[in-house]
Amino acid sequence: MTQLSVFDVAGPVMVGPSSSHTAGACKIGQFARALFHTTPTKATFYLHGSFAEVYKGHATDKALISGVMKLRTSDPRIKEAFKIAKAKHIECVFKKKDLGEKFHPNTVQIVLENSSRKLSMIGSSVGGGVIEILRINKFDVHLQGRAGKYLSIIVCHENHGSKTFNKILNRIKKLGIRIINTQTTKYKDKNLTIIATDGRDNKRITIKEVMDIEKSIEGIEFIRSLSKLEKQ
Amino acid sequence: MKYEFDTADQLLKLCKKHKCSISEIAKRYEAERSGKAISTVRSGMKRARDVMYEAVKEGVKSTKKSKFNLSGGDANKLFQSLSSLKLMMGNKVTVRAMAYAIAVGETNANMGRIVAFPTAGGAGVIPGALFSCAEHFKAGKRQLLRGMFTSSAIGIIIAEGATLSAAKGGCQAEVGAATAMAAAGLTEMRGGTPEQCFHSAAIALKSYLGLACDPLGGLVEVPCIKRNALGAVAAISASDMVIAGIESKVPFDEVVKAMNDIAESMSERIRETALGGLAITKTGNKVKKKLGLKITKEL
């Protein structure tokens, strides 16, 4: 039994017109931003399938860039996304691209960059505002997101043995955070691990704690917490 | 879990066991499920109510057209007509319900803020029916919230037994589901029993079985917005029938099963793809052209 929430039915509160093409797109943008961590100077969106066909009518473009600027799905400023992006000096590029048949029709690849870093991510909006993240940089992942359920910590680390990985897990456990499961993907000499945590009654990880882990443990390329994305 | 339900049958048993209404069970269920206090759950619903109210208020005032000129200003026309009431439906409750339902649809099309209750496409029905009737019998705020909780419970049962997505089940899953939900919520607000709430929901949903989702250009505007208005009126009518003593011959759980069966036999062309029905008429293709979409066929 799935145990739907009353507020899955009476919600989400969102800016129109479409839950999959607007609200879902905004959430994919938020994920990319959380993974990139700072305001990018350039955002490129490669639109696939139905996103490429009808993005203008459903304001998918505005919703995506709004997400990258950390606006919530219910924020009326989504309408003025391009203006806000200009004021924040974010260069936005939209391109149509066929990402392949294995992806859902509502899929987008987002590339965020600034002078020193670059992040690429592929996400799909699968209906009713529910989204899935399927690729982060070169790593194939599977991460489902719905309002109030993003409690994952994402780490990219070196994979000589499991030394670095165990250190990270121990640090998180020491902070009093319960780990539900982990999902690791390999690519060349790097690993990407998604650590799902239980946020129901327990403590949640703070941004400061995340940054501390990144600084103090060797062999981590980046570590990000998605707990900030929780409330919609 | 103590308050879990997937079907009308289970929910009715819970109502009997605890001697309370559907809305009360829905509240307790949510509190139990999320581990939050009843008051927090109620605040969540209050927020949904406030957002819907804002959307209605914005919508009845606005005469702005949507981006591709497909909708806008109709809620205002209806709302203005309330003062003279020369319409056939010479009844403020229904005309106002239509105005409110269209207002939410137009707000959605203009990228305003709405509550997807249960989805963006059917978001006008519940505020339309519930708000207009609440004004009519001067219902308190709590009474309105009770109606909304009951509506949500019906929505959960439909989602569990069939679907709330037009991509899977066509418009019966959006406006149809919303109409059933609104009818039940309204019946509870009027003091109907849990059984009566399900009779209203069953009567409403039965009339919407098999409804196609074929909007022009794939946009949530034509025919969606006006369909919301008629859905709100249908919800009021279904509730009226039940309060007058009429019962649904087919129980609600069976109607949901029928809805799921029909959803499975519906062609993909009429499930939110804009490849059939109204979307491929002459007018539909004009809109597609404007949007730069591929035209496949014309009726």
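Author: Let's start with a definition: helices (H or I, at least four residues) and strands (E, at least two) are DSSP runs, numbered from the N terminus. This is a predicted model, where local features need pLDDT of at least 70, side-chain atom pairs count only at pLDDT 80 or more, and totals for chains, interfaces and linings use all residues. Residues are numbered from 1 along each chain as its sequence is written, chains are lettered from A and ligands numbered from 1 in the order in which they are written, and side-chain values use heavy atoms, leaving out hydrogens and water.

Reader: Which helix holds Ser81(B)?

Author: Ser81(B) belongs to helix α4 (residues 74–81) of chain B.

Reader: Is Ser81(B) buried or exposed?

Author: Buried means under 20% relative accessible area, exposed over 50%, and partly exposed in between (1.4 Å probe, protein chains only). Ser81(B) has 15% relative accessibility, so it counts as buried.

Reader: What does Ser81(B) contact, leaving aside neighbours within four places in sequence?

Author: Contact means heavy atoms within 4.5 Å. With those neighbours left aside, Ser81(B) is in contact with Leu87(B) and Val95(B).

Reader: Which strand does β8(A) pair with over seven bridges?

Author: Two strands pair if DSSP finds at least two bridges between them. Strand β10 (residues 190–198) of chain A pairs with β8(A) in the antiparallel sense over seven bridges, and there Ile194(A) is the bridge partner of Ile154(A). Five bridges also join β8(A) to strand β11 (residues 220–225) of chain A, again antiparallel.

Reader: Why is β8(A) largely enclosed?

Author: Six of the seven residues of β8 (residues 152–158) of chain A are buried, so this strand is largely enclosed by the rest of the structure.
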